[in-house]
Amino acid sequence: MNFAAKLDQVFVLLQHWIAGFFPMWLQPFVATVLAVVGIVAAFPGIFALTTVLERKGLGRIQNRLGPNRVGPFGLLQPVADGIKSLTKEDIVPLSADAVVHFLAPVILVVAVFLGFAVLPIGRNMVLSNFDAGLLFFFAIGASTELSIFMAGWSSRNKYSLLGAMRAVAQMISYEVPLLLSSVVVVMITGSLSTVKIVEAQGGFSGILPHWYVFTPWGFAGFVLFLIAALAETNRSPFDLPEGESELVAGYFTEYSGFKFALFFLGEYLGMFSIAGFAITLFLGGWGAPFSFLTFIPSWAWFFLKLLAAIMLFIWLRGTMPRLRQDQLMNFAWKFMLPMTLLNLVVAGSWRFFGDGWVRWVVCSLVLLGSYALLGRALMRKQGLGPRSYRYAD
Amino acid sequence: MLGEGMLKGLAETAKNFAGSFVSKERLTTVQYPEERIAPIENTRDFPFLVYDGTDPMAGLRCVACQICEKECPPKCIYITKSTDKKPDYVGKMQIYPARFDIDISVCMSCQICVEVCPFEAIKMDTEFELSTTDRFGGLLLDRDQLAKSNEHFHAVHPTEAAEVDERLAEEKAKVEAKAKAAAEATAAKAAAAAATPATTPAALAASEVKPAKEPGA
């Protein structure tokens with residue numbers, strides 16, 4: 001095994017080496033525990049990094065400096081934040097349902113961590129490779145809604161309840177386009193296993209990879225998946241459930257101290273897992289973007305892509321204003337759903353046409369045309385455009 | 001087309017993001033404790049007491065008239081009058097404040113005490129780093145803490161201080177002229193009394209009228 005291949009498998013080799021110290025019958029268990037520890041350590045680490053990156057990035061977008069006081073370049077800010085949230089008083093409202101109030105953040109974090117079980121982080125680096133991996137991820141992702149509603153309901157606070165109602169309505173609405181936009185990948189790959197999906201995108205033509213995002217249906221699916229992912233993780237511009245100017249903090253208004261930190265963690269981990277799935281489904285997972293860059297370890301590519309996705313999310317947050325509730329719902333049911341359904345048809349015809357340039361032209365034209373038409377129809381209905389003020393002109 | 005505005009917005013924020021690294025005009029943040037910018041001249045926050053000369057307590061302009069205490073809207077000024085007197089800037093004997101406290105945790109920086117003071121004794125300061133670990137005693141400033149020299153006033157508000165100095169000098173000159181005239185009149189009266197020992201009713205009347213007219217002449 002040469003050096004590059006060893007580096008590529010360094011974590012897998014480490015896992016096997018440590019498991020080797022245990023008796024044979026215990027080894028599978030130890031290996032699993034080690035992998036879980038790795039995931040539980042790595043992603044909260046990225047979460048800590050992301051909070052700084054986000055605050056600095058948003059600051060720069062608004063021509064500010066962002067946090068730069070704690071440690072070099074403010075990099076120790078998450079440590080200070082962690083100490084602060086750990087030492088804060090944990091307040092439970094008198095009329096709250098204490099058990100449910102306590103369980104809500106725990107369930108959120110557990111459910112979000114479960115999603116990482118089927119996420120291929122690198123070559124041979126997936127906690128459990130089972131055939132229905134994608135289905136498992138979406139099933140687990142849906143259970144975060146439960147914890148959000150538990151938080152909103154148990155707090156006995158109108159803001160919490162309104163935020164939870166909004167969150168449930170939004171997440172159920174966007175679950176549909178999220179699932180349908182990923183179905184195209186399953187149709188082309190012929191498997192629900194995340195590892196198989198990544199392997200199907202593995203080859204190169206010339207120096208360019210066979211990522212699904214470089215096909216018409218893949219690009220459309222990627223954009224739709226990304227929009228639905230933003231809504232699913234309650235990120236701006238779809239942050240209605242926690243819109244601070246309207247609902248204080250939404251469903252976690254009544255949370256303080258470490259429980260609040262858990263919600264914060266759960267939200268960011270949810271963002272990472274869904275971004276990781278966007279990468280797995282459309283951006284070739286841990287695959288290198290060019291054939292001459294394959295010497296860089298697969299896990300490094302995955303985390304680089306994840307960082308790029310996080311940066312995109314931060315950029316979008318710094319740019320977009322929050323949607324109104326009716327705009328959000330209209331967008332989900334009148335634009336996202338038709339587009340994802342059409343994308344299914346396009347992906348089916350992509351297989352039907354077989355190889356050649358015809359399928360590229362036909363699929364691109366159908367998608368672009370319907371996008372333009374649907375967009376125009378929606379814009380006309382919404383009455384967008386320059387406003388005229390009767391008394392101000 | 002749908003999404004056009006979003007792309008424009010993304011381009012704008014990207015421009016801001018990149019621009020903040022290269023352009024000084026974009027990034028206007030001043031790193032406060034290390035870097036400072038000079039306050040503008042009209043800055044004001046809490047009042048202080050002006051004194052002349054070198055000794056703060058001897059040179060206090062305040063005469064404990066208590067107008068500011070009465071006018072203060074949040075009632076944060078506490079004055080006790082002294083029982084003895086000390087000379088003021090023109091040399092006249094005046095009462096002075098035995099106690100002059102301002103509770104700056106209550107003060108709302110309205111400057112009304114400054115507006116109503118007839119003695120130019122209380123002025124607004126620009127000192128803003130007043131945080132303390134003792135929020136009750138630490139924010140109740142007594143007259144030793146409040147007394148600041150006229151030079152300090154010149155340093156923080158030069159234009160206003162120059163005006164005040166001019167006004168005070170005028171006042172002092174007027175008082176001195178009056179005193180001089182009064183002294184001259186008494187001298188003239190004494191001289192007249194010495195020159196005419198044999199008093200006539202007419203001369204007496206003239207010498208009585210004369211000093212009353214002189215200051216106006």
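The model is predicted.

Chain B holds 217 residues, of which 17% count as buried. Its secondary structure comprises seven helices and six strands. Read from the N terminus, the order of elements is α-β-α-β-β-α-β-β-α-β-α-α-α. Contacts across the sequence were examined for pairs with a separation of 6 or more. Of these contacts in chain B, 69% join residues 24 or more positions apart.

Strand 1 of chain B spans residues 47-51. Five of its five residues are buried, so the strand is largely enclosed by the rest of the structure. Strand 1 of chain B has pairings of both senses, antiparallel with strand 4 and parallel with strand 6. The partner in the antiparallel pairing, strand 4 of chain B, covers residues 122-124. Three bridges link strand 1 and strand 4 of chain B. Within this pairing, B:Leu49 faces B:Ile122 of strand 4, the two standing opposite each other. The partner in the parallel pairing, strand 6 of chain B, covers residues 147-149. Strand 1 and strand 6 of chain B are likewise joined over three bridges. Here B:Val50 stands opposite B:Lys148 of strand 6.

Another group of strands in chain B forms an open sheet of three strands, in the order 2-3-5. Pairing in this sheet is antiparallel. Its edges are strand 2 (77-87) and strand 5 (140-141) of chain B, each of which pairs on one side only. Strand 3 of chain B runs over residues 93-103. Eight bridges connect strand 2 and strand 3 of chain B, in the antiparallel sense. B:Lys85 is placed opposite B:Ile95 of strand 3.

In chain A, helix 5 (residues 98-115) and helix 11 (residues 257-282) form a contacting pair. Their axes come within 9 Å and cross at roughly 20°. This angle makes helix 5 of chain A roughly parallel to helix 11 of chain A. The crossing of the two helices is left-handed. Helix 5 of chain A contributes A:Pro105, A:Leu108, A:Val109, A:Val112, A:Phe113 and A:Gly115 to the contact. Helix 11 of chain A contributes A:Lys259, A:Leu262, A:Phe263, A:Leu265, A:Gly266, A:Leu269, A:Gly270 and A:Ser273. By class, the contact between helix 5 and helix 11 of chain A has nine nonpolar, four polar and one charged residues.

A glycine elsewhere in chain A was also examined. A:Gly163 belongs to helix 7 of chain A, which spans residues 158-189. A:Gly163 has 28 other C-beta atoms within 10 Å and is therefore buried, the cut-off being 20 or more. Residues up to four places away in sequence aside, A:Gly163 touches A:Gly152, A:Pro241, A:Glu242, A:Leu247, A:Gly250 and A:Tyr251. One of these contacts joins two glycines, A:Gly163 and A:Gly250. The C-alpha atoms of A:Gly163 and A:Gly250 are separated by 4.2 Å, although the residues lie 87 residues apart along the chain.

The two chains also meet. At this interface, 12 residues of chain B are in contact with 13 residues of chain A. On the chain B side, six of the residues touching chain A are nonpolar, five are polar and one is charged.

Notes:
Residues numbered from 1 in each chain as written. Chains lettered and ligands numbered in written order. Predicted model: local features only at pLDDT ≥ 70, side-chain atom pairs only at ≥ 80, totals over all residues. Contact = placed C-beta atoms within 7 Å. Nonpolar A, V, L, I, M, F, W, Y, C, P; charged D, E, K, R; others polar. Buried ≥ 20, exposed ≤ 12 C-beta atoms within 10 Å, placed from the backbone. Helix = DSSP H or I, 4+ residues; strand = E, 2+ residues; numbered from the N terminus. Pairing = 2+ DSSP bridges. Axes fitted to C-alpha atoms, helices over the stretch in contact; angles between N-to-C directions. Parallel < 35°, antiparallel > 145°, perpendicular 65-115°, else oblique. Left-handed = near helix turned anticlockwise from the far one by under 90°.
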